Amino acid sequence: MNRKTFNDARDRFFGLRFGMFIHWGLYAIPAWHEQLLWRGNMKRKDYEQLIHRFDPVNFDPDTWLDAAEVAGMQYVCFTAKHHDGFCMWDTSLTSYNIMNTPYGRDVLAMLAEACRKRNMPLSLYYSCPDWHHPHYPNAGRHHEMFGPRPGHEPDINKYYEYVAAQIQELLTGYGPIYQWFWDINVAEYHNPAINNLIRSLQPGILINNRGPGEGDYSTPERHVPEGRAFHTPTEACQSLGRESWGYREEEDYYSHKFLMQSMDKVLAMGGNYLLNVGPRADGSLEPGSVKTLHAIGSWYKSVKEAFIDAEPASHMGGRDEIVSSDEVHHVVTRDHVLLTRKGNDLYVHVYKDLQSDCIVLRPLDKLPKRAVLMNNGQDLQCSVELLPWYWKEKPYLRIKNIPVNEMTGTVMVVRLEFDESAVD
């Protein structure tokens, strides 16, 4: 499958495979969830007072970018405005912004400058719903407040005039922007002129599919359905924590291995992966999050060859089989693997725990010159043989003596090196 479908500057999307999502705002102070106003018991008038307490004295964008680079991340996506309506830049269109906090500095400008110095592409997240703006029609739908406040004048067209003016600020004042990440078009407002404005201000920018117009790529969240390959440009997003995207003081953090498995599956299916961190209210990263990024980076460095410039190839091996009888008809999956391919090399991605120390790549029946466990460089034995399980079929490629009991905390990737055209 040829995923490079744009045929213009947006094709860089297919080379930037792994990014850092950053959810940061006033919600880091109560440290419960970025949607505290919707999911919790706090009133808007009390939440809005947090502006007088937001003072991230330990904010250092270079520390964030250091952590991103250690993980192998190639770009960042920053929450310019989340559902609460608080703006993390020096906007002239509302006083509800970072300049009116005790910190009083434009954190987006600081991040953009740090990204520019490192040649790190910067993307911006922007929420469609706004729980603060007087013209947004908070009508009690999902991810909305439960009705307008006294004195508010709900008007979706006037609200998007405000949005358009903020787009002008963000896309003319902060340098090149790689992606515009809309979130949750709850009001189902459709106006292609908004995305056209974005493209006119920054030609070549990528826009996701959650906004008021047609987007360039999809953004599945958290748990992505399994398949062999994405059929359209896709950037899946996941967070380090299971409960929240913003900083949560008592978060339930995913295991390193779970995140590696999630990332491996998405990348092997041809998607990109955007992994979120939620900085604390003082601007620092939670130490456990930094440790996780280091662990992921160590793994990714050893196996990323299997993703960069590789194409999904799971159709070539590791297929499910249908087991049928008079009373039973079900799918049996023995080895949960996905494949990618680059030239004459196939890469076997063990994105789920194996049942045994062997992988059978049915229906592949070619013997590679070499099989290497990329995580540690270990050579593995292979054979093409008839197995008892498939005694009615034919010999298949079998990768043997995989160290499943020794490498329990990681996601293994095996490189199969074939002679020219052996796997065509």
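The side chains of Glu-393 and Arg-362 meet in a salt bridge, with 2.9 Å from N to O. Here a salt bridge means a side-chain nitrogen of Lys or Arg within 4 Å of a carboxyl oxygen of Asp or Glu. The pair links distant parts of the chain, 31 residues apart: Glu-393 sits in the loop between β15 (378-385) and β16 (396-400), and Arg-362 in the loop between β13 and β14 (370-373). Helices (H or I, at least four residues) and strands (E, at least two) are DSSP runs, numbered from the N terminus. Arg-362 is buried, with a relative accessible area of 16%, while Glu-393 is partly exposed at 39%. Buried stands for under 20% relative accessible area, exposed for over 50%, and partly exposed for what lies in between (1.4 Å probe, protein chains only).

A word on the model: it is predicted, so local features need pLDDT of at least 70 and side-chain atom pairs count only at pLDDT 80 or more, whereas totals for chains, interfaces and linings use all residues. Residues are numbered from 1 along each chain as its sequence is written, and side-chain values use heavy atoms, with hydrogens and water left out.

By the salt-bridge rule, the count comes to 23.

| Pair | Closest N and O atoms |
|---|---|
| Arg-210 and Glu-221 | 3.1 Å |
| Lys-257 and Asp-353 | 2.5 Å |

Lys-257 belongs to helix α7 (residues 256-268) and Asp-353 to the loop between β12 (345-349) and β13 (359-360), so their pairing ties together parts that are 96 residues apart in sequence. Lys-257 counts as buried, at 17% relative accessibility.

Arg-210 and Glu-221 both lie in the loop between β5 (206-207) and β6 (235-239), so this bridge ties together parts 11 residues apart in sequence. Arg-210 is buried at 16% relative accessibility, and Glu-221 is partly exposed at 38%.

Now for the pocket. The largest one has a volume of about 290 Å³. A pocket is an open set of points on a 1 Å grid over the protein atoms alone, where a 1.4 Å probe fits, with protein on both sides within 12 Å along at least five of seven lines; lining residues have an atom within 4 Å of a point. Its lining holds 16 residues, and Cys-115, Arg-116, Met-120, Leu-122 and Pro-176 lie nearest the centre. Helix α4 (residues 107-118) gives the most to this lining, with five residues.

Notes: Points joined across faces, edges and corners; volume = space filled by probe spheres on them.
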